Amino acid sequence: AVVSSLEGGVPSDAIVLFDGTSLAAWESVNGGDAPWTLGDGAMHVVPKSGNIRTRQSFGDVQLHIEFRCPAVVEGKGQERGNSGIFLMGLYELQVMDSYDNPTYVNGQLGSIYRQYPPLVNPARPPGVWQKYDVVFIAPRFDASGAVVSPARFTVFLNGVLVQHDVKVKGPTHIRGEPQYRAHADKLPLELQEHDGDLVAYRN
Ligand code: MG
């Protein structure tokens, strides 16, 4: 198959989930339209509005996504520019402002939250757009619900490798050992609204 991918453009076989002009591909995880706002070609977290997810479901994906943490720094550690990208709504790739902002290693930007710290920290300063390029392989389950192969992530952050084919231990949990439960082959991609932190996404 021939795919055209011109500099500054979108690969011809990509599914565009956000083109800067519409939230139509997204909905609230609580039902109804996405409650975030549009502006400057980006979508912006609205405090207390909750997470949003794609209307479409996905399994294995290559994902490009850009994000920006607030230019005005408030709080520290996990309170600074926190959000997250949940593949299949279950497996969190952490988004937070990790520029000169220590926190627990597997909770910083580029981590598979609470499971794998990033290999390095290529975070850009607050208020600057950053980008993730992600290869996610969905987990496989057999008919009894047992895991045949775990979910896997390879992640580039700002063009730098931060996760290389790590095997996810189960859905993201804040505490305790993650545990797989069999789920559908495809599920929506979800973006986190974390304590009202004013993170924006685009492209
Ligand atoms: Mg988060």
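**Ground rules.** I worked on a predicted model, where local features need pLDDT of at least 70, side-chain atom pairs count only at pLDDT 80 or more, and totals for chains, interfaces and linings use all residues. Residues are numbered from 1 along each chain as its sequence is written, and side-chain values use heavy atoms, with hydrogens and water left out.

**Seven-stranded sheet.** I took strands as DSSP runs (E, at least two residues), numbered from the N terminus. Two strands pair if DSSP finds at least two bridges between them. Seven strands form an open, antiparallel sheet in the order β2-β3-β14-β5-β8-β11-β12. β2 (37-39) and β12 are the edges; each has a single partner strand, so one side of each lacks a neighbour in the sheet. Neighbouring strands here are turned by 25° against each other on average, direction ignored. For such angles, axes are lines fitted to C-alpha atoms, and angles run from 0 to 180 degrees between N-to-C directions.

I then followed individual pairings. β5 and β8 are antiparallel over seven bridges. Gln62 stands opposite Val135 in β8. β11 and β12 are antiparallel over five bridges. Val155 faces Gln163 in β12. The β11 and β12 hairpin has two residues between the strands, and Asn158 takes a positive phi near 55° there.

**Five-stranded sheet.** Another open sheet has five strands in the order β1-β4-β13-β6-β7, with antiparallel pairing. Its edge strands are β1 (26-28) and β7, each pairing on one side only. The twist averages 30° from one strand to the next. I checked β6 and β13: two bridges join them, and they run antiparallel. Phe86 stands opposite Glu190 in β13.

**Core.** Of its 42 residues, Trp26, Ile85, Tyr132, Phe136, Phe153, Leu191 and Tyr201 touch the most other members. Strands that each supply at least two core residues include β4 (52-58), β6 (83-87), β8 (130-137) and β13 (187-191). β5 gives the most, with four residues.

**Magnesium site.** Which residues coordinate the magnesium ion? I find Asn82 (OD1), Ser83 (O), Glu92 (OE), Gln94 (OE1) and Gln192 (OE1), at 2.2 to 2.5 Å. Donors are N, O and S atoms within 2.8 Å of the metal (3.2 Å for Na, K and Ca); water is not among the atoms, so sites may look incomplete. The donor spacing along the chain is N-S-x8-E-x1-Q-x97-Q. I call a residue buried under 20% relative accessible area, exposed over 50% and partly exposed in between (1.4 Å probe, protein chains only). Asn82 is buried at 2%, and Ser83 is buried at 0%.

**Rings.** I searched the whole structure and found seven aromatic pairs. Rings of Phe, Tyr and Trp (its six-membered ring) pair if their centres lie within 6.5 Å; planes under 30 degrees apart are stacked, over 60 edge-to-face, the rest tilted. Phe67 and Tyr132 have ring centres 5.2 Å apart and planes at 35°, so this pair is tilted. Phe67 lies in β5 and Tyr132 in β8, so the pair ties together parts 65 residues apart in sequence. Both Phe67 and Tyr132 are buried. Ring pairs also link Tyr91, Phe136, Phe141, Phe153 and Tyr180 into a cluster.

Note on methods:
A nonpolar core is a set of buried Ala, Val, Leu, Ile, Met, Phe, Trp, Tyr and Cys residues joined through side-chain atoms within 4.5 Å.
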